[in-house]
Amino acid sequence: MPIQFDSERQIFKLDSQTTSYVLQIGQYGYLLHLYYGALIPDTDLSYLSYTCTHASQLPRVEMDQPVYFSKDVHRMEYSCNGCGDFRGSALSILRSTGTPDTDIQYVSHKIYAGKPKLPGQPATYAAEDEADTLEILCKDHVSGAEVTLFYTVFSVCGAMTRHVVVRNGSDQPMELQRVLSACVDFHDANDMDFIHLYGNWGKERSFERSPLLHGTQSVASKRGCSSHAHNPFIALCSHDATEESGDAYGFNLVYTGNFLASAEMDSDGGARVLIGINPEGFSWRLEPGESFCAPEAVMVYSNEGLGGMSRIFHRLYRNNLCRGPWKNKERPILINNWEATYFKFDEEKLYDIAKTASELGIEMLVMDDGWFGSRDSARSGLGDWFVNENKIKGGLGRLTERVNALGMKFGIWFEPEMVSRDSELFRKHPEWALQTPCRHMSIARYQYVLDMSRPDVRDYLFDCIKNVMDNANIAYIKWDFNRSLTEAGSALLEANRQQEVFHRYVLGLYELLERILTAYPDLLLEGCASGGGRFDPAWLYYSPQFWTSDDTDAIERLYIQYGTSLCYPASTMGAHVSACPNHQVRRNTPLETRGNVAMAGTFGYELDLTKLTDEEKETVRRQCTDYHKYYDLIHNGDLYRLISPWKDHSRCAWSYVAADKSEALVTYVVIRGGVHERYYVRLAGLDADRRYRNETTGQVLAGSTWMNAGICIPEVLHDYDSRVYHLVAVD
Ligand code: GLA
């Protein structure tokens with residue numbers, strides 16, 4: 001039984017095949033956290049909540065207790081504000097008295113097979129035999145808040161998910177100030193490191209690892225999106241954890257709005273991890289009988305280091321988060337015209353690119369920004385989603401037909417959530433943009449953000465997209481989002497609900513995405529946000545791929561894709577070969593290397609193919625063939641990061657190993673070469689006892705030899721050179 005309840009000791013034990021998570025109903029009905037980590041056989045872990053008597057000034061429920069208990073030192077399962085736990089709170093509710101004191105106790109629980117849906121929100125999903133769920137109902141007996149904690153354990157893959165629903169069970173309104181999705185109180189966090197993914201435009205998900213310090217380390221967004229600056233992901237790992245060994249715990253929020261993820265180490269060596277909606281700028285008014293559902297948090301533990309952690313995230317997201325026909329179908333190789341033409345194109349230019357692309361094995365043309373309204377630059381046109389027939393003469397229908405006649409699919413760019421100041425839509429409906437009374441509206445990229453919490457805005461956008469979809473054969477939409485939310489007020493909400501706008505925006509966005517996918521189930525959506533500014537699990541529920549970064553330079557991409565791979569699989573990472581010198585960093589890299597790096601994602605091109613030499617075209621042709629040859633291995637295989645580009649900024653290597661360990665694809669890239677070089681890359685993840693042939697050199701060695709002695713890079717490679725080795729089991 002993956003979830004057990006020991007009624008005598010009042011202990012819940014949630015086991016996957018590799019992990020255990022244990023909690024207890026403690027004194028006064030408070031839920032205490034006991035353990036999270038590798039699978040263990042014992043249930044009675046109450047000894048872990050032992051704590052020596054602390055200073056007498058620490059708050060207790062009663063002074064004379066049978067066993068010492070203080071909410072400030074015990075490991076609380078879901079921490080509350082204002083009643084004696086001074087560490088970060090998961091829950092804070094302003095009750096009708098105007099005070100935020102919050103205190104919940106166990107009432108009842110349910111254990112069942114499968115996993116419930118989150119109403120109106122993206123989440124992982126599971127068949128009945130894949131996962132089991134524990135629901136614990138708690139209550140604040142004073143305010144009347146009913147708080148249900150949900151835990152789902154994915155037995156085989158080892159991941160857990162959490163979410164929380166708060167219901168107002170009183171007859172007075174209440175105001176939620178904080179409702180985080182998960183709280184984990186580690187009993188022993190000495191010798192742990194804190195990992196997060198920070199960044200900026202063109203530099204998303206940079207990897208950073210530092211010792212966990214006393215006090216709170218946190219990452220957050222209050223931009224209205226998950227953001228370039230921080231991903232809604234943190235990990236704790238043991239100091240000695242490597243890619244393939246040691247404890248690693250990952251936390252990721254299935255949410256595309258403002259988030260907070262923090263780790264707080266206390267003086268006893270314990271640490272509290274919190275992850276959920278960012279409480280800053282958030283509150284939610286709950287009328288009697290109403291409920292609020294916090295987004296889902298994903299938790300992963302592996303004792304096979306960071307690589308083990310990543311592989312669990314990857315499996316979960318590939319199998320239990322991405323949906324629809326494109327989840328398992330091979331994604332088309334695309335050519336996107338953005339870096340080839342920017343705003344300067346017409347239907348003939350697009351057709352020429354498509355024609356050349358079709359001759360090289362590319363399968364879809366994506367028409368990027370600039371096809372609609374008066375959109376000749378970033379200054380105007382967003383919101384006016386009707387085709388500009390001065391550019392696309394004969395309309396979209398004719399262009400798509402011509403492209404389809406080349407045997408290619410057609411994709412199109414939208415930025416639905418935005419409106420240009422200079423647009424017909426803004427002139428007609430200025431009140432549709434987010435704004436606050438009497439305050440100047442900040443502008444970015446000449447555009448404002450539409451109020452996605454408004455049903456009329458969503459209806460307008462749905463109709464615009466529908467009109468395009470119904471009048472041309474569109475297989476794919478790139479859904480962009482190029483600025484953050486400011487002055488986030490909605491004209492439709494009362495003053496006491498304005499703090500709900502950020503979350504209502506996200507819920508509105510989810511509703512629109514769902515509506516579009518329901519109307520067009522075969523549509524392939526690719527998310528984008530000035531590159532990878534909204535690369536998060538919530539998006540992957542709607543779009544199985546996300547544009548990883550606007551920085552298409554192969555060397556910069558090594559870092560960006562390395563960080564992204566911490567929790568997101570290759571099948572979700574948009575990666576394109578672009579022109580040289582690169583448009584973002586002016587670097588020149590070989591076309592081979594650009595292909596080898598882009599191959600670690602959903603593959604495509606983003607350059608003017610008509611300008612390639614015959615030799616370059618031949619290389620593109622070969623890359624397209626390789627993409628098909630290795631698709632399954634890369635997209636469904638297990639990732640092993642072999643050399644981190646961050647190590648000394650000189651090399652990077654990774655491999656994909658088939659689930660049955662019958663083959664592996666190793667990619668090796670030189671960032672900074674040198675003289676007299678001999679380089680060995682030790683592989684990982686192979687079957688030690690099987691023998692593998694390196695298809696490039698013909699060399700046959702045991703898996704254990706490849707993993708311990710390594711593959712020898714037999715040539716002197718120079719800056720930005722790269723090699724790919726395909727190893728195939730021969731027995
Ligand atoms: C964003 C995207 C780019 C491109 C431009 C178009 O920056 O990330 O890929 O689509 O918008 O304006």
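These are my notebook entries on a few spots I looked up in this predicted model.

**Ground rules**
I number residues from 1 along each chain as its sequence is written, and side-chain values use heavy atoms, with hydrogens and water left out. As the model is predicted, local features need pLDDT of at least 70 and side-chain atom pairs count only at pLDDT 80 or more, while totals for chains, interfaces and linings use all residues.

**Entry: the ligand**
I began with the ligand and found it in the largest pocket. A pocket here is an open set of points on a 1 Å grid over the protein atoms alone, with protein on both sides within 12 Å along at least five of seven lines; to sit in it, a molecule needs more than half of its atoms within 2 Å of its grid points. I noted 13 residues surrounding the ligand (a heavy atom within 4 Å). The closest are Asp-368, Asp-369, Lys-478, Gly-531 and Asp-550.

Next I looked up some distances to oxygen atoms of the ligand. A polar side-chain atom of Asp-369 is 2.6 Å from one. For Asp-480, a polar side-chain atom lies at 2.9 Å from a ligand oxygen. In the side chain of Arg-445, an N or O atom is 2.9 Å from an oxygen of the ligand. On its own the ligand has 300 Å² of accessible area (Shrake-Rupley method, 1.4 Å probe), and the protein covers 97% of that.

**Entry: Asp-193**
I found Asp-193 in strand E11, residues 192-198 (a strand is a DSSP run of at least two residues, E).

**Entry: helix H10**
I checked helix H10, residues 591-598 (a helix is a DSSP run of at least four residues, H or I). Seven of its eight residues are buried, so H10 is largely enclosed by the rest of the structure. Among the buried ones are Leu-591, Arg-594 and Val-597.

**Entry: Gly-361**
I located Gly-361 in the loop between helix H3 (347-360) and strand E22 (364-367). Gly-361 is partly exposed, at 30%. Beyond four places in sequence, Gly-361 touches Ile-333 and Cys-624. Gly-407 is 46 residues from Gly-361 in sequence, with 9.9 Å between their C-alpha atoms.

How values were computed
Buried < 20%, exposed > 50% of the residue type's maximum accessible area, 1.4 Å probe, protein only. Contact = heavy atoms within 4.5 Å. Polar contact = N/O pair within 3.5 Å; in protein donor to acceptor, adjacent residues only side chain to side chain. 1 Å grid on protein atoms, 1.4 Å probe; cavity = no way out; pocket = protein on both sides within 12 Å on 5 of 7 lines; lining within 4 Å.
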